Amino acid sequence: MKKRLKFVFTLFLVVGLLAIGIVPVLASSSNYYSTKYSTGKTYYYNPGSYSTKYYYYYRIIPGTPSVPKPAQPSQPAPSVPTQPKPTPPAAPTNPAPTTGLTADEAKMVNLVNQARTGQGVKPLSVNSQLVTLARRKSQDMVNNNYFSHTSPTYGSPFDMMKSAGIKYSTAGENIAGAATVESAHQSLMNSSGHRANILNPSFTQIGIGIVSGSRYGKIFTQMFIGL
């Protein structure tokens with residue numbers, strides 16, 4: 001009888017020691033981790049009688065400029081004498097089109113309209129009031145060293161349009177920073193939001209303002225409206 005009691009006691013002791021060692025191991029292996037991601041967009045709302053759409057921006061941070069290599073000298077080919085031709089007058093390096101746009105602004109309007117017509121969308125007409133506002137916005141970003149749709153000076157694009165008395169049913173804005181018109185346009189077209197503004201069939205008019213300055217090289221503002 002005593003041997004049986006001793007055996008039972010020993011058995012309970014062994015089981016108890018095993019439990020003390022196993023439970024922490026199980027507990028330490030029960031760690032769970034959860035993650036949560038959220039994304040958001042900022043929308044501007046004009047409390048007036050006109051509806052609004054969303055505007056996007058894009059910027060390119062310039063890299064280290066490359067140093068051009070000197071050209072290797074080449075042997076000149078023997079020239080054949082020809083009759084001299086009258087020299088046409090030299091064209092200005094930065095002509096301003098009759099629309100009042102600079103050469104860069106006119107080039108960007110053409111690129112935007114080529115993209116639209118290529119997708120079967122009607123081209124945009126230039127609105128001189130929007131051009132003035134777009135230039136003002138680009139200059140403000142250069143002067144105050146910021147990059148945003150909300151200007152500390154003028155407020156949102158819709159605030160600017162409202163102050164200028166511009167009426168619309170839909171409106172939008174793209175802003176970009178880049179060294180050239182071509183690189184800015186290509187980057188905007190490669191971004192779904194900016195591309196949507198450029199190809200939006202609801203928009204009928206555009207104003208573009210391009211100002212040199214800032215670390216991006218040039219600041220571009222595109223303002224769109226639909227009547």
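Colleague: Which residues of α3 are buried?

Modeller: This is a predicted model, and in it the buried residues of α3 are L130, V131, L133, A134, K137, S138, D140 and M141. The elements that cover them include β2 (125–126), α4 (157–163), β3 (170–178), β4 (205–212) and β5 (218–226).

Colleague: What is the reach of α3 from its first C-alpha to its last?

Modeller: Helix α3 spans residues 128–144, which is 17 residues, and reaches 24 Å, close to the 24 Å expected at 1.5 Å a residue. After α3 comes N145, whose phi is positive, near 55 degrees.

Colleague: Let us turn to the strands. Where is S125 placed, and what is its bridge partner in β4?

Modeller: S125 belongs to strand β2, and its bridge partner in β4 is Q205. The two strands, β2 and β4, pair in the parallel sense over 2 bridges. Leaving aside neighbours within four places in sequence, S125 is in contact with T204, Q205 and I206. The C-alpha atoms of S125 and G207 are separated by 8.7 Å, although these residues are 82 residues apart along the chain.

Colleague: Why does S125 count as partly exposed?

Modeller: A residue is called buried under 20% relative accessible area and exposed over 50%, with partly exposed in between. S125 counts as partly exposed because its relative accessibility is 39%.

Colleague: In which sense do β4 and β5 pair?

Modeller: β4 and β5 pair in the antiparallel sense, over 8 bridges. S212 stands opposite K218 in β5. The hairpin of β4 and β5 has 5 residues between the strands, and G213 in this hairpin takes a positive phi near 140 degrees.

Colleague: Which residues have the most contacts inside the largest nonpolar core?

Modeller: In soluble globular proteins, nonpolar side chains tend to be buried together. The largest nonpolar core here has 22 residues, and M108, I198 and F220 have the most contacts inside it. At least two residues of this core come from each of α2 (103–118), β3, α5 (181–189), β4 and β5. The largest share, 5 residues, is supplied by α2. Not counting residues up to four places away in sequence, F220 touches several residues, among them M108, S138, I175, A184 and I210. A second, separate core has 11 residues, including L130, F158, I166 and I225.

Colleague: How many aromatic pairs does a search of the whole structure find?

Modeller: A pair of aromatic rings is described by the distance of the centres and the angle of the planes. The search of the whole structure finds 3 aromatic pairs. For F203 and F224, the ring centres are 5.3 Å apart and the planes lie at 15 degrees, so the pair is stacked. F203 lies in the loop between α6 (192–198) and β4, whereas F224 lies in strand β5, so the pair ties together parts that are 21 residues apart in sequence. F203 is buried, with a relative accessible area of 1%, and F224 is buried as well, at 0%.

Colleague: What pattern does the protein chain follow along the sequence?

Modeller: The pattern is α-β-α-β-α-α-β-α-α-β-β, and the secondary structure comes to 6 helices and 5 strands. Of the 227 residues in the protein chain, 33% are buried. Among contacts with a separation of 6 or more, 72% are between residues 24 or more positions apart.

Methods:
Residues numbered from 1 in each chain as written. Predicted model: local features only at pLDDT ≥ 70, side-chain atom pairs only at ≥ 80, totals over all residues. Heavy atoms only, no water. Helix = DSSP H or I, 4+ residues; strand = E, 2+ residues; numbered from the N terminus. Expected span 1.5 Å × (residues − 1). Buried < 20%, exposed > 50% of the residue type's maximum accessible area, 1.4 Å probe, protein only. Contact = heavy atoms within 4.5 Å. Pairing = 2+ DSSP bridges. Core = buried A, V, L, I, M, F, W, Y, C linked by side-chain atoms within 4.5 Å. Phe/Tyr/Trp six-rings, centres within 6.5 Å; stacked < 30°, edge-to-face > 60°.
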